[in-house]
Each structure stands twice: as structure tokens, then as C-alpha cells.
Amino acid sequence: MKQKYELKDFLNVALFVVLYYAAFFASMCAGYIPVLMPLLPLITGIVCGIPFMLFLTKAKKPGMVLLMGLICGLLSLTTGSGIWPLITAVAASLLAEFILWVLHYTSTMKSILVYAVFTLWDIGFGLRLYLASFGSYRERLVEQHGEAYVSQMLTNVSGVGFWGSIALTLAGGILGGALGYAVFKKHFQRIGKKA
């Protein structure tokens, strides 16, 4: 595996950040339906599996997944999601990079595992609900969405709990990774890509 970075490596990261984050943002919009709020980690994991698995076919050098996670975390920070998504994005990306390094960037099952671990960055969005007092954050949500929506959302989220969110995130990552691989294999193996 070549270790020297080229311009195309950075362009690949930029392209796939755009694709991944667009899919991520679109799937996060399901949270406007309060009953779907606790299922967001599952939904985003499934929806974002296709662009991420395709990204893994281009990410053959150490640090590319970390760079993608860092940019996603920074995008979340700048769009008002707070510091937690950035922290969890860096942590999950580092763990995914470690797995890629140990497993030498090969095999389908390993790629699905890497994606499942990467999706753990999604936990950062719910951490403020689990770790912080709802005081100022709850007030801001009420101003934006109204008391009825916020009460229903918090009831649904607290019912799943922190460990339930982690389990849903991993499940979404596994399902999304498998879906991404299936789409990749079906549509790209025909043009000579190695699955």
C-alpha cells in the first residue's frame, strides 16, 4: 500500500464527506417526527452505509477515515450541534483507523466492522441529553420546536436510554455497511472494481 498522499486522496475525502454528510443530514431530518427520534442512530447508520462503504474502496491510506470523521465533526460543530459530535467523531474515527491498520484494509466483513465503529460518532448528538442537565438545552429546543414536541421527544429518547442508543447505532452500522457493500458489489463490480 502506498503511504504517500496525493491530491486525489484529499479530493476523495472531500467528495465523500459531501456525499456522506448530505445523506446524514437528510436522515437526521426524520428526528422532526418525535417517535422516530430514538431510532435516528439506526436510520442514519443504514442510510449512510452506501457512501461510506464506497469511500472505503478509495481510503487505502492511513488517516483518511480520521480526516473524514474530523470534517464531519467540525461540520456538526459549526451547524450548532455542540462539541460532543466532534469529540465522538474523532474518537470513533481513531478506533476505525486502528481497526483498518490492524486488519490491513481488506475484506468485506472487516469493512462492515469499520463502518459500524465509525457510526459511533453519531452518539455525540444524543450525549447532551444523557450527560447534561436539560436546562438551557431544553429551553432552546422549546423555543425552536414547542413544548409538546420537546416533551414527546425527551420521553421517547429516555425510553431507549444511552446503551440502547449505542446498540441501535451499531445495528445501523452493520445493516448500512451490508447494504453499502451489496450496492457496491451490484453496481460497481461490473465495471471492474474489486469487491
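Reader: Where is Thr 119 found?
Author: Keep in mind that this is a predicted model. Helix H6 spans 108-118 and helix H7 spans 123-131. Thr 119 is found in the loop between helix H6 and helix H7.

Reader: Is Thr 119 buried or exposed?
Author: The relative accessible area of Thr 119 is 4%. Anything under 20% counts as buried. So, with its 4%, Thr 119 is buried.

Reader: Which residues does Thr 119 touch, not counting residues up to four places away in sequence?
Author: Leave out the residues up to four places away in sequence, and there are still contacts to list. Thr 119 then touches Gly 45, Thr 169 and Gly 173.

Reader: Which helix supplies the largest share of the lining of the largest cavity?
Author: About 30 Å³ of space lies in that cavity, and its lining includes Thr 119, Gly 45 and Thr 169. Helix H1 (7-28) and helix H2 (40-47) each supply at least two residues of the lining. The largest share, 3 residues, comes from H2.

Reader: How many charged residues are in the lining of the largest cavity?
Author: Tyr 20, Trp 121 and Asp 122 are among the residues lining this cavity. By class, the lining has 4 nonpolar and 4 polar residues, and the charged count is 1.

Reader: Which element gives the largest share of the largest nonpolar core?
Author: This core has 31 residues, and Tyr 20, Phe 55 and Trp 121 are among those that touch the most other members. Elements giving two or more residues to the core include H1, helix H3 (49-58) and helix H9 (147-188). The largest share, 7 residues, comes from H1.

Terms used
Residues numbered from 1 in each chain as written. Predicted model: local features only at pLDDT ≥ 70, side-chain atom pairs only at ≥ 80, totals over all residues. Heavy atoms only, no water. Helix = DSSP H or I, 4+ residues; strand = E, 2+ residues; numbered from the N terminus. Buried < 20%, exposed > 50% of the residue type's maximum accessible area, 1.4 Å probe, protein only. Contact = heavy atoms within 4.5 Å. 1 Å grid on protein atoms, 1.4 Å probe; cavity = no way out; pocket = protein on both sides within 12 Å on 5 of 7 lines; lining within 4 Å. Points joined across faces, edges and corners; volume = space filled by probe spheres on them. Nonpolar A, V, L, I, M, F, W, Y, C, P; charged D, E, K, R; others polar. Core = buried A, V, L, I, M, F, W, Y, C linked by side-chain atoms within 4.5 Å.
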